[in-house]
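Take a look at the structure below.

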Amino acid sequence: MPLELFLNATSPYARIVRVCALEKGLEDRLILNWVDPWADDAELIEVNPNAKVPALCCEDRTSITETLPILYYLDSLTERPTLLPRESLASVLHGVGLGMGLVDASFQTVIARKYTGAADADRSHLGKRRLAAIERILSRLEADTVPRHMYTEDAQLTLDDIVIGVALDYLRFRMPVIEWPLRFPALAAWEDTRLSRRSFYDTRFTG
Ligand SMILES: N[C@@H](CCC(=O)N[C@@H](CS)C(=O)NCC(=O)O)C(=O)O
């Protein structure tokens, strides 16, 4: 059986997994099962009782839920390229943590706005904390001296490049008024070439 990824098109979490699968050269071993996680899809719930995407069915039909364990598993499937190089593990995971934090704060903001209205969501105690977290993480990423790979065709990306890259794209897609590229020039220069990378282009957010 091939690997089976449950996903939807606008999920930043699922996109991170897809980019990683492409970077690992796993596309021929992977089938994509498009589902609506909000529709109580029985097949998804069977694989993930938490009813969230992404969820992965492995070749032996073991299911793995949650983005980071899925990424860890995908990275283990081939030795090269590795998304988690041992020699720079701490700095890669530093970026992965910040990027996942940015995804979480942005996605929760988008969902809260959708279900309770933007004004109420953003004025709530939790809403203010989420927006403040987005600002602080962007500032930290801008100031970070950690070297990241440019998205040129021959670069070997690591997991931090992928998670932070998708997080920034998600903000641009769902929260454009933040205008982060205008306010954080180092990040903007870094991400400038991202869509020339096939894994990012083929999985770009649309709609
Ligand atoms: N902690 C999870 C978050 C995944 C998540 O929230 N996925 C969203 C789509 S972007 C979802 O499926 N939401 C459906 C729901 O919350 O019921 C992960 O890291 O994978």
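Arg 198 forms a salt bridge with Asp 202. The closest N and O atoms of this pair are 3.0 Å apart. Arg 198 is partly exposed, at 48% relative accessibility. Asp 202 is partly exposed as well, with a relative accessible area of 37%. The model behind these values is predicted.

Arg 198 has another partner to look at. The side chain of Arg 198 also meets that of Glu 27 in a salt bridge, at 2.9 Å from N to O.

Now step back to the domains.

The size of an interface is often given as the accessible area lost when the parts come together. Here the area buried between domain 1 and domain 2 is about 1600 Å². Carbon and sulfur atoms give 71% of that area. Which residues of domain 1 lose the most area to domain 2? They are Tyr 13, Arg 15 and Glu 23. Together these three account for 34% of what the domain 1 side buries.

Polar contacts also cross between the domains. The count is six residue pairs in polar contact between domain 1 and domain 2, with both residues at pLDDT 80 or more.

A network of salt bridges links Arg 15, Asp 169, Arg 172, Glu 191 and Arg 194. Side chains of opposite charge can pair when their charged atoms come close. A search of the whole structure finds 14 salt bridges.

Two further pairs are worth a look. The side chains of Arg 123 and Asp 120 meet at 3.4 Å, N to O, in a salt bridge. Both residues sit in helix H5 (residues 118-123). They are three residues apart, so about one helical turn separates them. Arg 123 is exposed, at 57% relative accessibility. Asp 120 is partly exposed, at 49%.

The other pair is Arg 183 and Glu 135, whose side chains form a salt bridge at 2.4 Å, N to O. Arg 183 lies in helix H8 (residues 180-183) and Glu 135 in helix H6 (residues 125-143), so this pair ties together parts that are 48 residues apart in sequence. Arg 183 is partly exposed, with a relative accessible area of 38%. Glu 135 is partly exposed too, at 29%.

Finish with Asp 161, in helix H7 (residues 159-174). Is Asp 161 buried or exposed? Its relative accessible area is 0%, so Asp 161 counts as buried. Beyond its sequence neighbours up to four places away, Asp 161 touches Arg 148, His 149, Tyr 151, Trp 190 and Phe 200. With His 149, the side chain of Asp 161 makes a polar contact of 2.6 Å. Val 96 is 65 residues from Asp 161 in sequence, yet their C-alpha atoms are 8.0 Å apart in space.

Notes
Residues are numbered from 1 along each chain as its sequence is written. This is a predicted model: local features need pLDDT of at least 70, side-chain atom pairs count only at pLDDT 80 or more; totals for chains, interfaces and linings use all residues. Side-chain values use heavy atoms; hydrogens and water are left out. Buried area is the accessible area (1.4 Å probe) that two parts lose on being put together, summed over both. A salt bridge is a side-chain nitrogen of Lys or Arg within 4 Å of a carboxyl oxygen of Asp or Glu. A polar contact is a pair of N or O atoms within 3.5 Å; within protein, one must be able to donate a hydrogen and the other to accept it, and residues adjacent in sequence count only if both atoms are side-chain atoms. Helices (H or I, at least four residues) and strands (E, at least two) are DSSP runs, numbered from the N terminus. Buried means under 20% relative accessible area, exposed over 50%, partly exposed in between (1.4 Å probe, protein chains only). Contact means heavy atoms within 4.5 Å.
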